Every structure is written in C-alpha cells, then in structure tokens.
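Reader: Before we discuss this model, I would like to see it, and then to ask what stands behind the terms you apply to it.

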Amino acid sequence: MIKRCLILLCLIGCLGSCKKEATPEYRVPAEVEPYVQAFVREAKLRGIDLMIDNLIVEFAQPDANYICGMCNGVKARQKHIILGIQEYCWKEATPQTREGLVFHELAHCYLARLHTSKKFADGTYASLMNPDNTEVYSVCLYPIDNGNDCDKRSRRPYYIDELFDETTPPPAWAK
Ligand SMILES: [Zn+2]
C-alpha cells in the first residue's frame, strides 16, 4: 500500500515538472506579425540574434485606459504582450506609432530594457523606452501644416540604434 502511494506521488511530481517545461507558444495576430519580424531584422542588423518563438500577443483592455501595451513574463520563458484595444492605441495609430509600441514592448520582453525618461535639451525623449510616448519617430495623423514637427520619420534610425544599445550617442538633430 505504501509503495503504491509513493508511485502515485512520483507520477504527480513528474507531471508537474513536465508541465513547467512545456514548449512555449507562439501566437501573434497577423497585423502585429510584420512588426515582430522587423524587430528581429533590426536586431540582426546590429549583430544580435533573437529567436522569438515564445511569444503571445493579444489585444485586450489593459489595467488603465491610458496604457497601450504591457509585457508580462519578463523573466519567464513564455512572453506575453497585451496591446490596448483603445482605438488610439492601434486602430487609429500610424504604422510608425504601431511599430514604436510593438518595439517598446518587445524591448521590455526580450532586451530587458526598462523605462527611461531621459530627454534631450529640446525636450524630446531620448529613448523609445520612455514611459508615455511611442510616437517619437512617427508622422502626424492629420497634418494641419507642413511643420518639421509633423514628420519625425528621419529620427527612426537613432531610436532603433538606442533601443538595442543604450550607449548610442545623441543624434545630430538633437543638438
Ligand atoms: Zn513600457
């Protein structure tokens, strides 16, 4: 009788550990996939080989309405990104803003990047890892004038460099 109990306990123990080591899932909506691929590509261009096969991305209502994204499982094998269902977060956002949001969350999940509020002298955020603006290299949604502030796409290379290397020096446009 005692022997049988021991066998049963062992079986439960094995099942428990098998579950823990389950193969991580990859489940990313088709409209988000190109941005994940772009992130892997940008990493490779900078000598970083990223294997992203353990990611779940879901659209959902985040804890607060002003939050457009979050990465769960920073230290876990299975990464889980929530993207806000609020219209301004994705549906009404420009491709650059969408990319900025996905890259920001992927940097939390895969590069262990934290938030930084560092700014340049002109007040612009120095990193895409700032806590509240993923439009740092975007265009205006409804341009009302042709001011320089409306098209920041040329700033993208700097922000992507900085994302993968925090020691990237400030760009010419920030001086
Ligand atoms: Zn963040």
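Reader: What makes you call Ala-112 buried or exposed?

Author: Exposed means over 50% relative accessible area, buried under 20%, and partly exposed in between, with a 1.4 Å probe and protein chains only. Ala-112 has a relative accessible area of 57%, and is therefore called exposed. Ala-112 belongs to the loop between H3 and H4, where helices (H or I, at least four residues) and strands (E, at least two) are DSSP runs numbered from the N terminus. Ala-112 also shows a positive phi of about 55 degrees although it is not a glycine.

Author: A word on the source: this is a predicted model, in which local features need pLDDT of at least 70 and side-chain atom pairs count only at pLDDT 80 or more, whereas totals for chains, interfaces and linings use all residues. Residues are numbered from 1 along each chain as its sequence is written, and side-chain values use heavy atoms, with hydrogens and water left out.

Reader: Which residues are called donors of the zinc ion, and what makes them so?

Author: Donors are N, O and S atoms within 2.8 Å of the metal (3.2 Å for Na, K and Ca), and water is not among the atoms, so sites may look incomplete. The NE2 atoms of His-104, His-108 and His-115 lie 2.0 to 2.1 Å from the zinc ion and are its protein donors. Their spacing in sequence is H-x3-H-x6-H. His-104 and His-108 are separated by about one helical turn because they are four residues apart in helix H3, and both His-104 and His-108 are buried.

Reader: How do you know that the buried residues of H2 are on the same side?

Author: The buried residues of H2 are Tyr-35, Val-36, Ala-38, Phe-39, Glu-42 and Ala-43. They cover an arc of only 160 degrees around the axis, which puts them on the same side of H2; the arc is that of the directions from the helix axis to the C-beta atoms. The face turned away from this buried side carries the exposed residues Arg-41, Lys-44 and Leu-45.

Reader: What is called the largest nonpolar core, and which residues have the most contacts inside it?

Author: A nonpolar core is a set of buried Ala, Val, Leu, Ile, Met, Phe, Trp, Tyr and Cys residues joined through side-chain atoms within 4.5 Å. The largest such set has 37 residues, and Leu-55 and Leu-106 have the most contacts inside it. H3 gives the most to this core, with seven residues.
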